[in-house]
Amino acid sequence: MSITLLTQVFLPLSLAIIMLGMGMTLVPADFTRIVKYPKAILIGLTNQLIFLPILGFLLAVVFQLEPILAIGIMILAVSPGGPTSNLITQVCKGNIALSVTLTAITSFITIITIPLILSFALDYFGSGNGTPIEMPVLSTILQITVITVIPISIGMIIRRFRPGFSDRMERPMRIASTVIFILVFIAVVAANFSMIGDSMKRVGLVTLLLNIATMGLGYLTARLFRLKLKNAISITIESGIQNGTLAFVIATTILLNIEMAIPTVAYSIWMFVTGGVLMWQLGKRELETSEPELMDGSAVEVSS
């Protein structure tokens, strides 16, 4: 099986299945909560859509990464959160509704932000490589829409009219999509193993710093604006757990460059390590038994 077939067919297909499964867990309220509880959601979106790309750009410049790897860092930095962040948030006893809402909203907003920010990154870093790398914005928006937004929308329609079926299929679809992606991912990595092994040494530290910095900044901004711990946990995880599947697809399927996917490979390792530490430490804590919390950090009045 050729690498072209893997990256052009099976990788996008696996991502579309993952997004379909995510859509089957979403309801319209996951998008309308921003009107009711704006503070927590706006802080989360700011970290995800603004601070993360800025941190990725600064690290790429400070560490003077090779243009291809610098672009790979930016691909990762502009990707939204994924379903994994919702699972980690749940284990860490964060605000799962906030996590799901942030994942859902960023999945749609990044249709526009990914092509725009990556166009800048390709121009900035690619120009120093002697051979500028171009990315057609409209075509990229269309491709991302086809493999993310349309499957999510179909999943939400299925959820709307067949909620029982959606509940039954949630686990099988998650398992199937994960298995498909892992098999394709292993095949692509195995075919490029020598190049990836060498490049991991050059980008490992940068990806670790990016992961720690984004999570740390997410927590600090949430607490600075006096959000409750459950909300701060959700924002921390959403800031640092990226949709590595989408980043990998953008690098290998849209930009057709396996080397650009190397930062995603390295970052995925680190985010599961840090995510595992958070689950270990926060998952065993006792939930607060005081007032229930709204997503903006305020308390709900409880009648006696």
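In the protein chain, residues 24 or more positions apart account for 83% of the contacts with a separation of 6 or more; contact means heavy atoms within 4.5 Å. The chain has 12 helices and zero strands. Helices (H or I, at least four residues) and strands (E, at least two) are DSSP runs, numbered from the N terminus. Of the 304 residues, 50% are buried, meaning under 20% relative accessible area with a 1.4 Å probe, protein chains only.

This is a predicted model, in which local features need pLDDT of at least 70, side-chain atom pairs count only at pLDDT 80 or more, and totals for chains, interfaces and linings use all residues. Residues are numbered from 1 along each chain as its sequence is written, and side-chain values use heavy atoms, with hydrogens and water left out.

**H2 and H3**

- Helix H2 (residues 29-36) packs on helix H3 (residues 38-62) at an angle of about 110°, with axes 6 Å apart.
- Axes are lines fitted to C-alpha atoms, for helices over the stretch in contact, and angles run from 0 to 180 degrees between N-to-C directions.
- H2 and H3 are therefore roughly perpendicular (65 to 115 degrees; under 35 is roughly parallel, over 145 roughly antiparallel, the rest oblique).
- H2 brings Arg33, Ile34, Val35 and Lys36 to the contact, and H3 brings Pro38, Ile41, Leu42 and Leu45.
- Six of these residues are nonpolar, none polar and two charged.
- Ala, Val, Leu, Ile, Met, Phe, Trp, Tyr, Cys and Pro count as nonpolar, Asp, Glu, Lys and Arg as charged, and the others, Gly among them, as polar.

**H4 and H6**

- The axes of helix H4 (residues 67-78) and helix H6 (residues 96-126) come within 9 Å and cross at roughly 165°.
- That makes H4 roughly antiparallel to H6.
- Among the residues in contact are Ala70, Ile71 and Met74 of H4, and Ile114, Leu118 and Phe125 of H6.
- By class, this contact has 12 nonpolar, two polar and no charged residues.

**Nonpolar cores**

- A nonpolar core is a set of buried Ala, Val, Leu, Ile, Met, Phe, Trp, Tyr and Cys residues joined through side-chain atoms within 4.5 Å.
- The largest has 61 residues, and Ile75, Phe125, Ile250 and Met260 have the most contacts inside it.
- H4 gives the most to this core, with 10 residues.
- Ile250 touches Ile75, Ser79, Ile114, Leu118 and Leu255, leaving aside residues up to four places away in sequence.
- A second, separate core of 12 residues includes Ile41, Ile105, Ala222 and Leu227.
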